[in-house]
Amino acid sequence: MRILYVGDTACLPGDLTDYIGDMGDEWKVEFVADGNAAMFAVANSPIDVMIVGPSLPDLPPATLLGQIRTLRPETIRIALLENTDAGVSPPIKLIGVAHRFLPLPLSSETVLEAIHSLEELRDLLDSPRLRRVIGRVEHLPSPPHLYFALTRALEDEQGDSTDIARIVSGDPAIAAKVLQLCNSAYFSNGRAITDMRAAVTRLGLATLRDLVLASEVFSIKTGSNVDRLALQQRALIASRLAARILPNTSAELGATAALLADVGLLLPGVRDEREPLPEGDDRPGHTEAGAYLLGLWGLPMPIVEAVAFHRQPQRSSLRSFWVPGAVHVAGALASNEQVDEDYLKSLGVLHQLAGWREMADSLMDRMASAA
């Protein structure tokens, strides 16, 4: 395992080299001071893990990680963030290029736990078994192009509500579905929404984007026999609940991850993990299949990881309550399933579960009244 750290080593724990050395001779950590030196090192030989400090003297960390993603996509990419609180979303430019974000100060144990967790996730997304199953799907769902176009537009500081409305209206089928959802009592509170610009104004950009994503994803045709309407309703409840559970800075990530948490159920040849495991059933579970699909689509790794681990959140190495934990809680409550209280207790948030249950009950009551 070759690990390359880029940046000022003052950010690192003093015992990191010794700690990694104790893992065995095959584990090595190297250090370079800037992005150009990192690119030279990676170009000459593969790097298993790259850890990038919060600032570099020659390149923005997001630029370096983007270059590494292109040159060595198999490299695990970790970004260190300073002056951040648990649950705070990283800068949007880093979300698409880093696999994991670690807040400073950090311990050597935290670094190793992150590496092991990402290795597990990388193995999951590169599973030969999954490739065989997904490969038998005649028409793999296409990426949600309108959602990605909308995301790019929202990142553009020059964009406005008229531009957003024009993008969504460019697909009449999706626009009609979004307006149908907007006009339900669940979203509109009885106020009629007659055009897409009104939807942008009334709902807000984040909610509109999730409705577009739901309209695209739950309309894909794959031959699965799942009840799409029920799945979409649960996903919408989980999405809104996850957004409320998390701080505002992480709400959009959590909402999108919760919306897509059970997307694997739309694929044929996978096992519904909500059902007991039949003896001898070697089909992949729907969470790993869903994470694999989202990985192929190129969604940010925090979303992919939350989907992969939301039914077994303890598999995530995160030691703070962030997107994977919120998606687990939201999905379980929206589906009337058991919440992993031991996991919540280990993160020090079990006392908040009662309040989250009340939120979920309120959202489900609204959904029932809107039906």
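# Reading one model, feature by feature

User: In which helix does Arg209 lie?

Analyst: Arg209 lies in helix α12. Helices (H or I, at least four residues) and strands (E, at least two) are DSSP runs, numbered from the N terminus. Before going on, note that this is a predicted model, in which local features need pLDDT of at least 70, side-chain atom pairs count only at pLDDT 80 or more, and totals for chains, interfaces and linings use all residues. Residues are numbered from 1 along each chain as its sequence is written, and side-chain values use heavy atoms, with hydrogens and water left out.

User: Is Arg209 buried or exposed?

Analyst: Start with the scale. Buried means under 20% relative accessible area, exposed means over 50%, and partly exposed is in between (1.4 Å probe, protein chains only). Arg209 has 9% relative accessibility, so it counts as buried.

User: Which residues is Arg209 in contact with?

Analyst: Contact means heavy atoms within 4.5 Å. Neighbours within four places in sequence are left aside. Arg209 then touches Tyr147, Leu150, Thr151, Leu154 and Glu252.

User: What does Glu252 form with Arg209?

Analyst: A salt bridge. The term means a side-chain nitrogen of Lys or Arg within 4 Å of a carboxyl oxygen of Asp or Glu. Here the closest N and O atoms are 2.0 Å apart. Glu252 lies in helix α14 (residues 248-260) and Arg209 in helix α12 (residues 205-217), so the pair ties together parts that are 43 residues apart in sequence. Glu252 is partly exposed, at 40% relative accessibility.

User: How many salt bridges does a search of the whole structure find?

Analyst: It finds 5. One of them joins the side chains of Arg2 and Glu30, at 2.8 Å from N to O. Arg2 is in strand β1 (residues 2-6) and Glu30 in strand β2 (residues 28-32), so this pair links parts 28 residues apart in sequence. Glu30 is partly exposed, with a relative accessible area of 29%. Asp272 and Arg274 form another, with closest N and O atoms 2.7 Å apart. Arg274 is partly exposed, at 26% relative accessibility.

User: In what order do the 5 strands form the open sheet?

Analyst: Two strands pair if DSSP finds at least two bridges between them. The order is β2-β1-β3-β4-β5, with parallel pairing. β2 and β5 (100-103) are the edge strands, each pairing on one side only. For angles, axes are lines fitted to C-alpha atoms, for helices over the stretch in contact, and angles run from 0 to 180 degrees between N-to-C directions. Neighbouring strands of this sheet are turned by 20° against each other on average, direction ignored. Between β3 (residues 49-52) and β4 (residues 76-81) there are 4 bridges. Ile51 has Ile78 as its bridge partner in β4. Helix α3 (residues 61-71) lies across β1, β3 and β4, at about 170° to β3.

User: How many residues of α17 are buried?

Analyst: 12 of the 12, so α17 is largely enclosed by the rest of the structure. Among them are Val323, His328 and Leu333. The expected span of a helix is 1.5 Å times one less than its number of residues. For α17 (residues 323-334) that gives 16 Å, and its end C-alpha atoms are 16 Å apart, which agrees.
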